[in-house]
There are 4 protein chains.
Amino acid sequence: MESIGDIRRTEIIEAFFRTISEKGFARATIREIADRAGCNHGLLHHYFEDKQAIIHASVEHAVNVYKQDLLEGLNKFESAAEQLRFLVPRYLDIGRLNLEISQAWLDLYALSKNEASIQKPVQACFREAREIISGVIARGIRDGEFRKVNARVMANVILASLEGATLLWVVDAEETPLKAIGKQIDDLIQTYLQKE
Amino acid sequence: MESIGDIRRTEIIEAFFRTISEKGFARATIREIADRAGCNHGLLHHYFEDKQAIIHASVEHAVNVYKQDLLEGLNKFESAAEQLRFLVPRYLDIGRLNLEISQAWLDLYALSKNEASIQKPVQACFREAREIISGVIARGIRDGEFRKVNARVMANVILASLEGATLLWVVDAEETPLKAIGKQIDDLIQTYLQKE
Amino acid sequence: MESIGDIRRTEIIEAFFRTISEKGFARATIREIADRAGCNHGLLHHYFEDKQAIIHASVEHAVNVYKQDLLEGLNKFESAAEQLRFLVPRYLDIGRLNLEISQAWLDLYALSKNEASIQKPVQACFREAREIISGVIARGIRDGEFRKVNARVMANVILASLEGATLLWVVDAEETPLKAIGKQIDDLIQTYLQKE
Amino acid sequence: MESIGDIRRTEIIEAFFRTISEKGFARATIREIADRAGCNHGLLHHYFEDKQAIIHASVEHAVNVYKQDLLEGLNKFESAAEQLRFLVPRYLDIGRLNLEISQAWLDLYALSKNEASIQKPVQACFREAREIISGVIARGIRDGEFRKVNARVMANVILASLEGATLLWVVDAEETPLKAIGKQIDDLIQTYLQKE
DNA sequence: AATGAATGAGAGTTCATTCAT
DNA sequence: GATGAATGAACTCTCATTCAT
């Protein structure tokens with residue numbers, strides 16, 4: 001059972017993402033966000049201490065929404081190879097189908113360098129993603145599915161290619177055939193890891 | 001021959017990059033930039049129409065400085081494989097050694113979604129990078145060095161992995177072993193392209 | 001018999017004094033007062049028309065509590081000299097022992113210049129004090145205890161020295177030896193009035 | 001030679017006093033002050049870091065303007081008795097003739113309890129006044145003009161009566177015959193100190 | 001060319017007040 | 001009676017921009 005407070009908080013967070021996605025972080029003012037959330041700007045300060053708190057809550061929310069999906073999906077597969085094969089297109093799909101969030105994340109990445117309060121959850125998010133991926137790879141190596149590689153470094157490479165592809169696509173969707181890129185990344189990795 | 005105006009303009013552009021790298025785009029005020037450029041803030045409006053113009057000129061400047069280096073390097077190598085082998089670490093090195101610019105670029109990527117005046121040069125920059133890389137791959141295929149792949153898609157994958165690695169590194173340098181990642185990307189690509 | 005409404009009103013008034021004493025008038029918000037009164041902020045508007053009304057009621061309340069004590073004390077003494085001798089330390093003691101109220105009064109004095117609704121009760125309070133003191137002096141003169149002075153002016157001087165001493169003490173308690181000052185004021189006045 | 005900056009700063013400080021005297025501290029907004037200073041509100045932030053800085057500078061300014069006059073006057077007299085006789089009406093006159101500042105001071109006294117940045121200069125102001133007065137008294141005692149009293153305590157009493165008289169007068173000018181009160185205070189003190 | 005005084009739009013934030021529950 | 005969600009006015013402060021000097 002959700003209280004009206006929880007509902008409002010979620011509305012505000014969603015409005016925040018919609019705003020930075022549509023207008024950019026710099027123009028995501030308290031009043032803009034309130035308009036999109038369909039409420040008075042004063043109400044945002046009723047539910048959140050200040051703007052920082054909205055940002056912070058939003059990042060945490062996004063981390064959960066964005067990445068939780070991956071873990072659930074992974075559990076459906078047995079072998080490490082299959083898990084990786086699932087992971088790559090799914091990772092890109094989440095962004096592609098959730099345009100708002102993908103564009104917003106880019107703003108958050110940029111902000112994280114200079115705002116400690118954002119940096120922490122963003123780094124935590126990447127750390128988690130690295131751990132998921134390197135966990136899959138390590139298991140693949142242990143089970144003899146994959147060739148021996150540095151799982152941590154390889155996870156970074158995979159994460160980089162996925163985040164990089166999303167970045168290219170956010171900056172220039174027309175020139176970035178995201179699906180084909182996803183397939184190519186998948187093929188590249190599978191081929192490499194399974195090479196004897 | 002550079003006029004004093006050109007010198008001032010260059011100083012301002014460099015000061016702009018230093019500022020967004022050190023303080024973030026949001027805190028890159030006209031006054032901050034002027035301080036770093038060692039001149040009065042009013043003078044910035046003398047040399048540039050408005051703040052947008054400074055940003056625009058800076059992006060164009062950075063595209064030239066940042067990417068031109070790659071082309072020069074590539075010309076030193078004959079084979080496509082060698083060119084690619086040069087490109088990967090060099091691309092990452094430019095960012096790593098020029099921390100300021102790497103961090104600044106991330107801000108510009110984020111801004112580009114919502115600022116048409118930034119979007120154009122940023123997209124042009126990626127287009128150029130893609131063309132350079134896909135050109136190398138296409139030549140490798142034509143010369144029989146590489147297996148047959150879609151050069152355009154493959155170029156996107158390489159560019160994505162390089163930009164993605166830089167992104168990860170900007171967000172969390174400690175957890176991102178950039179050199180090892182570069183080597184792994186290189187190995188991955190070479191292995192894949194040269195596989196029969 | 002006090003209704004629950006009267007009890008609440010008194011609680012609110014006391015909470016108001018505690019608040020302006022602890023945080024200053026500027027920070028005495030409706031919510032702060034409500035917190036201290038142990039009730040919801042909305043309830044304050046149920047019992048009082050608006051914030052002005054709380055202030056107004058509080059001033060009137062304080063006038064009664066603060067000054068009534070003096071009259072009761074005075075009645076215990078016969079001669080004017082004894083009454084004055086009682087009055088001086090007692091006046092200072094009330095403030096000293098009731099730090100909260102003394103600090104709050106200072107805020108109210110300051111406000112009274114610009115808020116007619118506060119000015120009236122504050123002026124009434126001073127008028128009453130002047131009348132009590134000048135009454136004592138006038139009786140002392142009539143009874144031959146005191147030398148002939150302008151009772152009204154003398155009352156003002158006594159009131160001024162007492163209020164002034166409290167003011168100094170509120171502003172800087174460490175540098176203001178209130179007890180010694182009280183004794184000196186007493187000695188000064190007694191010596192003067194009884195001089196032949 | 002005063003720069004335009006110094007002139008503006010002085011104008012702003014004077015406008016600040018006029019504002020809190022006319023409207024009270026609570027309504028002394030940056031815009032109100034700017035209006036009275038005949039300039040744009042943004043300019044106040046050009047000359048002062050923030051509102052606190054305006055308050056701070058104003059208090060320091062007032063201390064100098066208000067009290068310096070006393071020291072100059074004192075030097076014209078030889079004997080301690082004459083100095084005291086000069087001091088009392090002069091102290092009250094400064095306030096009376098400079099209505100704005102007197103009313104403003106009351107606000108500052110009230111604020112000082114809760115604002116450390118105001119408390120310090122206000123306490124310093126009182127400390128200085130106490131030292132001036134106790135210095136005069138101590139000299140009078142040493143020179144055999146005055147009876148032996150605790151100069152520090154006596155100075156507090158005199159200061160209290162003067163500040164208290166001003167307080168009464170600010171709160172209710174009609175009921176406070178400031179001149180007569182001043183004479184009475186003078187007579188009281190002279191009589192007491194010179195009594196053998 | 002260079003300065004810095006001056007402007008005004010707009011940001012985040014606070015808070016008294018209202019009102020449905 | 002009691003709560004807390006909701007509103008809107010007004011506050012301090014920031015900043016790009018203009019302009020007289």
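How much area do chain A and chain B bury between them? The answer is about 4,300 Å², with 65% of it on carbon and sulfur atoms; buried area here is the accessible area (1.4 Å probe) that two parts lose on being put together, summed over both. Welcome to a predicted model, in which local features need pLDDT of at least 70, side-chain atom pairs count only at pLDDT 80 or more, and totals for chains, interfaces and linings use all residues. Residues are numbered from 1 along each chain as its sequence is written, chains are lettered from A and ligands numbered from 1 in the order in which they are written, and side-chain values use heavy atoms, leaving out hydrogens and water.

**View 1. Chain A meets chain B.** Here 51 residues of chain A touch 51 residues of chain B (contact means heavy atoms within 4.5 Å). In chain A, the residues that lose the most area to chain B are A:Lys113, A:Val171 and A:Leu188, together 15% of what that side buries.

**View 2. A salt bridge joins A:Arg152 and B:Glu175.** Their side chains come to 3.4 Å, N to O. Chain A and chain B share eight salt bridges, each a side-chain nitrogen of Lys or Arg within 4 Å of a carboxyl oxygen of Asp or Glu.

**View 3. Chain A is laid on chain B.** A turn of 179° and a shift of 0.0 Å along the axis give an RMSD of 0.3 Å, superposing by least squares on the C-alpha atoms of residues with pLDDT of at least 70 in both. The copies meet through the same surface, because 100% of the interface residues of chain A are also interface residues in chain B.
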